[in-house]
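Here is a short briefing to read alongside the model.

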Amino acid sequence: MTHFVGRHLEEMADIRSSRKRKIVLLCSLVSILVMGSYGLIHFAAASYPFSALNLICTLILAINLWYMYKSASHHHADLVLSGVLLFDAIVLLLYGEQIPDRLLWLFPIVAAVIFINEFKIGLVFSGAFCLLAAFSTLFTNAILVPAYMSTDRFVISLFAMAVLCNTFSYYYAKVVNYIQSLYQEGIEDLAYLDQLTGLANRWSFENWALEKLSEVEGHSGITALVFLDIDDFKSINDTYGHDVGDRVLQHFSKRLKNNIRSKDRRTEKHDYSIARFAGDEFVLLLYDVRSRSDLDNILDRICHLFEHSYQASERVNRLTISVGVALYPEDADSLPELTRCADKAMYAAKHGGKNQYRYYQGDRLSPLKDLDINLSDKVTPIKKA
């Protein structure tokens, strides 16, 4: 399953590059065949200048195609192809009076230039060429339009085709960007979030916390790692089943997200400061807290998150939490040690009677903080399918 997901993540991340590579390859092959054929035809007709130009363009495109296969990339290959096609189009436009139906070749050339490039680049290239064609045909006598095609019809048709192709390219780019953004969100959910609760998982929390601790080092505010554990959660699973236990975890996680700040004050971006560590253990990293009394208020609010009843058809008689707190860098100056201190403080709170929070203070722990958390939560049994 991991290999399957990884393969598709890679494909989606590279969807734009893969699409461009295929189009460049296809257009290069078609251009090589067409230009090579016309080079030989012009050579047989003793039209050596056009034959030489076509054969030189064919050689450049062949080298460009070989480079794509050799390097397994398309870096600048699209620009080389676009340059060759636009050069050939300009030659046909300005100097190809003796070539039958030369103006008809301009339409597929312009379309190819639009599709092999990103929207903005294709718009610039096609727009510049269409303006050159319009100026040359409408305001100068440099170009003779065949009798079967009026000048106005040629210019309008060329612009209309360019508008249609660029419109398609624009909306295609928007769709690809949207798909990639959705997929990126899905990747983030899979890689960084706990699938049951929607909180950060242990891996994403630890990676984020390491950076945050180095960032807040030396700041005047208080930084604290908080460990939370739902008391007697195993008995809830044993009594009401794991489905009910999962719903309790989801409810608690939702209350945490709604009541604890999870945005950076400076950037206003969501962080990974609230995480499900393992089972019924949760962890918070509180930073930039102004004072110890503010931290106490936050801890009191956390410990009373279950005061409002959790509606369900069964009753969880008493649901409490034990909380351990370790301060950075007073208690520990590294994340693993800070985690150990907070975990130890949490277990001290649990062994000291539960339903409380304690600070870690070296070999001794802070005085017991008694909390009155009397909860009668109803739990609705999950109907089996």
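**Cores and packing**

The largest nonpolar core has 40 residues, and Leu106, Phe129, Phe154 and Leu158 have the most contacts inside it. Such a core is a set of buried Ala, Val, Leu, Ile, Met, Phe, Trp, Tyr and Cys residues joined through side-chain atoms within 4.5 Å; buried means under 20% relative accessible area, exposed over 50%, and partly exposed in between, with a 1.4 Å probe and protein chains only. Please keep in mind that this is a predicted model, where local features need pLDDT of at least 70, side-chain atom pairs count only at pLDDT 80 or more, and totals for chains, interfaces and linings use all residues. Residues are numbered from 1 along each chain as its sequence is written, and side-chain values use heavy atoms, leaving out hydrogens and water.

- The elements that give two or more residues to the 40-residue core are helices H2 (15-44), H3 (48-71), H4 (77-95), H5 (106-116), H6 (119-138) and H7 (151-192). Helices (H or I, at least four residues) and strands (E, at least two) are DSSP runs, numbered from the N terminus.
- Apart from this core lies another, of 32 residues, including Val244, Phe252, Cys303 and Tyr359.
- Not counting residues up to four places away in sequence, Phe129 touches Leu86, Ala89, Ile90, Leu93, Leu106, Val110 and Leu158; contact means heavy atoms within 4.5 Å.
- Ala162 is found in helix H7 and is buried, with a relative accessible area of 6%.
- Leaving aside neighbours within four places in sequence, Ala162 is in contact with Ile114 and Cys130.
- Ala162 and Ala111 are 51 residues apart in sequence, and their C-alpha atoms are 6.8 Å apart in space.

**Helix H9**

- Helix H9 (residues 233-240) has Phe233, Ile236 and Asn237 as its buried residues.
- Seen down the axis of H9, these buried residues fall within an arc of 95°, so they line one face of the helix; the arc is that of the directions from the helix axis to the C-beta atoms.
- Lys234, Asp238 and Thr239 are exposed, on the face of H9 turned away from its buried side.

**Strands**

- In strand E2 (residues 274-278), four of the five residues are buried.
- E2 runs antiparallel to strand E3 (residues 281-289), and four bridges join them; two strands pair if DSSP finds at least two bridges between them.
- Ala275 has Val283 in E3 as its bridge partner.
- The hairpin of E2 and E3 has two residues between the strands, and Gly279 takes a positive phi near 55° there.
- Strand E6 (residues 356-361) is mostly covered, with five of its six residues buried.
- Strand E5 (residues 321-328) runs parallel to E6, joined by four bridges, and Val323 stands opposite Tyr357 in E6.

**Aromatic rings and charges**

- There are 14 aromatic pairs in the structure. Rings of Phe, Tyr and Trp (its six-membered ring) pair if their centres lie within 6.5 Å; planes under 30 degrees apart count as stacked, over 60 as edge-to-face and the rest as tilted.
- Tyr170 and Tyr171 are an edge-to-face pair, 5.1 Å centre to centre with 75° between the planes.
- Tyr357 and Tyr359 are both buried; their ring centres are 6.1 Å apart and their planes at 80°, so the pair is edge-to-face.
- Arg292 lies over the face of Tyr359, at 3.9 Å from the ring centre. A charge sits over a ring if NZ of Lys or CZ of Arg is within 6 Å of the ring centre and within 35 degrees of the ring normal.
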